[in-house]
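Please read the following briefing with the sequence and the model side by side. It goes through strands, sheets, chain contact and confidence in turn.

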Amino acid sequence: MRTAYKVLAYLVAGEVAVQAMLIVWGIAGLGKWVNDGGVFDKAVIESEGTPPFPEVVGIIVHGINGLFVIPGLTLLLLIVSFFTKVRGAIKWAVVVFVLVVAQGQLGELGHDLPLAGALHGLNALALFGAAIYAGRRLRAVAAVGVVQPDARAATPVS
Amino acid sequence: MTGHSCRRPTKAGVSIDSGWVLRVALPVVATLSIVVPLAWLWQASRVPSVYSVMDMGYHDYGVGATADTSSGEHAGHMQGDTPGQQMAPPPLVTDMVADPARPADVRVDLVARQQTLTVGGRSISGFTVNGTSPGPQIRARQGQLIEVRLRNESVRDGVTLHWHGVDVPNAMDGVAGVTQNAVPVGGGFTYRFVADQAGSYWYHSHQVSNPQVAGGLFGSLVVTPKAGIAQQVDVSAVAHTYGGVRTINGKAEDLRVPAQPGQRVLVRVANTDNGPMKVWTSGSYRLVAVDGTEVHRPTDISGRSVMLTAGGRADLEVKVAGDGGAARMQLSKATAVIVGAPGGDAPAPPQPSDELDLLSYGSPAPLGFDPAHPTRRFEYRIGRRPGFVKGRPGLWWSINGHLFPNVPMYVVRQGDVVAMHITNRSSEVHPMHLHGHHEVVLARNGVAATGSPWWVDSLNVLPGETYDIAFVANNPGIWMDHCHNLKHAAQGMIAHLMYEGFDTPYRIAGPAENQPE
């Protein structure tokens, strides 16, 4: 369970990095397409079929990752945390979960309130840090092996 | 997780039993407290393989504005009981047809095909009507009876035709699974209705409508007034985006309209896409009709654009200058209509930052009913929240807090004056479209309309906006009231308006594979 916890936490962090890459890739593709004479508006956003520029895939996958994959991983992390028997594991899984929920809300809100989009970018860093920290805490515990009473006491409580 | 279960510290005063509770039971209970509600929500969101729209969600009888003062007369509105109608079989949507004995004045045969389109040099898999997309324009004079015989040659999912903006009899509304079965390959359906409202409309499939409309299964419908039009040139500009390629009347190029100096030109702009589109011109122009209804005493507009919502129509009048030049009308930045001497051109006008406000455009005129004393008031509150729709997790559109299919069925009686308060609490724009009726905008964000009566069938509701609209329930049947961003409709943003006691013999899904959205 600890290994699962660790893997899930690092997967969440990795996904955040992937999300950052995907969205900038998509926006850069959009910029190039506009430079080449493309006109981007709601009609194009909502159009079906072949995308006007290939980097649209980045924006689409960002949406799928953010809506399904990351919340799914986070929910699994939370469930696994109940069984790790490591002090603080649940707390950090909850922190990651709350940051993921906030990230989704800020991302959605950013469609109408661009400033929320800026916070979406900032919150991504907090989420990345929290997920890495959650995983690293478990690594420290795992190195000690089975949790002894004194080992538990040595686990950082923060 | 059980291998070292005995190694847990047992502090003084903590028994073995409570240790077991801490080690095993609590984590399991915590897990179940997450998994069980999710499983329940998932299960509850599933829809049967065949169902009637009559069984969707819950009936909303609205609030009778007069019920609190004269409870006796209107009590039935609140209860949904229909005394006196218990014995008779319910009227059906199929009963609502045009006079079958009356011969047709305009007869059109339309053949729907699934095929590859070439648009702007790109091949796109799509649909045609009589071999082209858009399909042929149907033109009629006000008061004529239009008869359209639809045949499906090769559209695998089946087709229907919905007459967007025309208040047709319910059986002719073309909604698969509500007013008819989808027409299978080799099948046909005959639509008959009297074109008693002059104006600009369009027709499109309402079976698997998002891919079919996006792929080109639509065309325009123009009903000219009995007295004729005031302009010398009458032209339609149907804007559509095929797989990212912007077009007017199916061509990925500007539309050139030859006209003599001094002539007035009527450009009927239709937005057949899923998103709003702005329209503006190089000189001044007038907005003479919105969604098929004339604006009362329109004035000259310059330096402002007109917002044309998805599914909406705007009829603009431009006058050709006497100097032999041309006027240019931008349909967004992407395409333009150039009106004037052949070969003439005008530089693309910059996009105005200001938008025409239809709340105060034109002059007031009688509405024909009194919206100040509605017999019913409804809420149509649009939101977005996580949950399950048809067993799929996601971030879904909600109507009055509920996700599809648990959405309201707005119930009215014939003759009701209906007021609806529309609120958009989501972060995206929604083009709201009510079938079979025209609604008048009374106020936006609490600011009352002061201009010409602003009649719509497609209303652009931006995030955070509220609209107060009203209409007269004068077209019995069961009608969709949905978002015309057809992707959103496919995601469950669909409610219905029904007249008390009505029923439909058709089913969603089932053998006919009806899938209206």
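Strand E26 (residues 408-412) of chain B is mostly covered, since four of its five residues are buried; a residue is called buried if 20 or more other C-beta atoms, placed from the backbone, lie within 10 Å of its own, exposed if 12 or fewer do, and partly exposed in between. This is a predicted model, in which local features need a pLDDT of at least 70 and side-chain atom pairs count only at pLDDT 80 or more, while totals for chains, interfaces and linings use all residues. Residues are numbered from 1 along each chain as its sequence is written, and chains are lettered from A and ligands numbered from 1 in the order in which they are written. Helices (H or I, at least four residues) and strands (E, at least two residues) are DSSP runs numbered from the N terminus, and two strands are said to pair if DSSP finds at least two bridges between them.

**The sheet around E26(B)**

- Six strands of chain B form an open sheet with mixed pairing, in the order E2-E26-E35-E34-E28-E32, and its edge strands, each pairing on one side only, are E2 and E32 (458-461).
- Strand E2 (residues 58-60) of chain B pairs with E26(B) in the parallel sense over three bridges, and the bridge partner of His59(B) in E26(B) is Met409(B).
- E26(B) also pairs with strand E35 (residues 494-499) of chain B, in the parallel sense and over four bridges, with Tyr410(B) opposite Leu497(B) in E35(B).
- Strand E28 (residues 430-434) of chain B and E32(B) are joined in the antiparallel sense by four bridges, and here His430(B) stands opposite Val461(B).
- In general, strands of a sheet pair through backbone hydrogen bonds, either parallel or antiparallel.

**Strand E11(B) and its partners**

- Strand E11 (residues 233-242) of chain B is largely enclosed by the rest of the structure, because seven of its ten residues are buried.
- E11(B) runs parallel to strand E14 (residues 264-271) of chain B, to which seven bridges join it, and Val238(B) stands opposite Ala270(B) in E14(B).
- E11(B) runs antiparallel to strand E12 (residues 245-248) of chain B, with four bridges between the two, and His240(B) stands opposite Thr247(B) in E12(B).
- The hairpin of E11(B) and E12(B) has two residues between the strands, and in this hairpin Gly243(B) takes a positive phi near 50°.

**Where the two chains meet**

- The contact takes 34 residues from chain B and 27 residues from chain A, where two residues are in contact if their C-beta atoms, placed from the backbone, lie within 7 Å.
- On the side of chain B that touches chain A, helix H1 (16-45), helix H3 (209-214) and strand E24 (392-399) of chain B each supply at least two residues, and H1(B) gives the most, with four residues.
- Pro51(A) lies in the loop between helix H2 (42-45) and helix H3 (56-81) of chain A, and because it has 17 C-beta neighbours inside 10 Å, Pro51(A) counts as partly exposed.
- Leaving aside neighbours within four places in sequence, Pro51(A) is in contact with Val56(A) and Gly244(B).

**Confidence**

- Chain B averages a pLDDT of 91, and 92% of the residues score at least 70; pLDDT is the predictor's confidence in each residue, from 0 to 100.
- Over residues 1-14 of chain B the pLDDT is below 50, and this stretch has ten contacts in the model beyond near neighbours in sequence.
- Where pLDDT is low, the predicted coordinates should not be read in detail.
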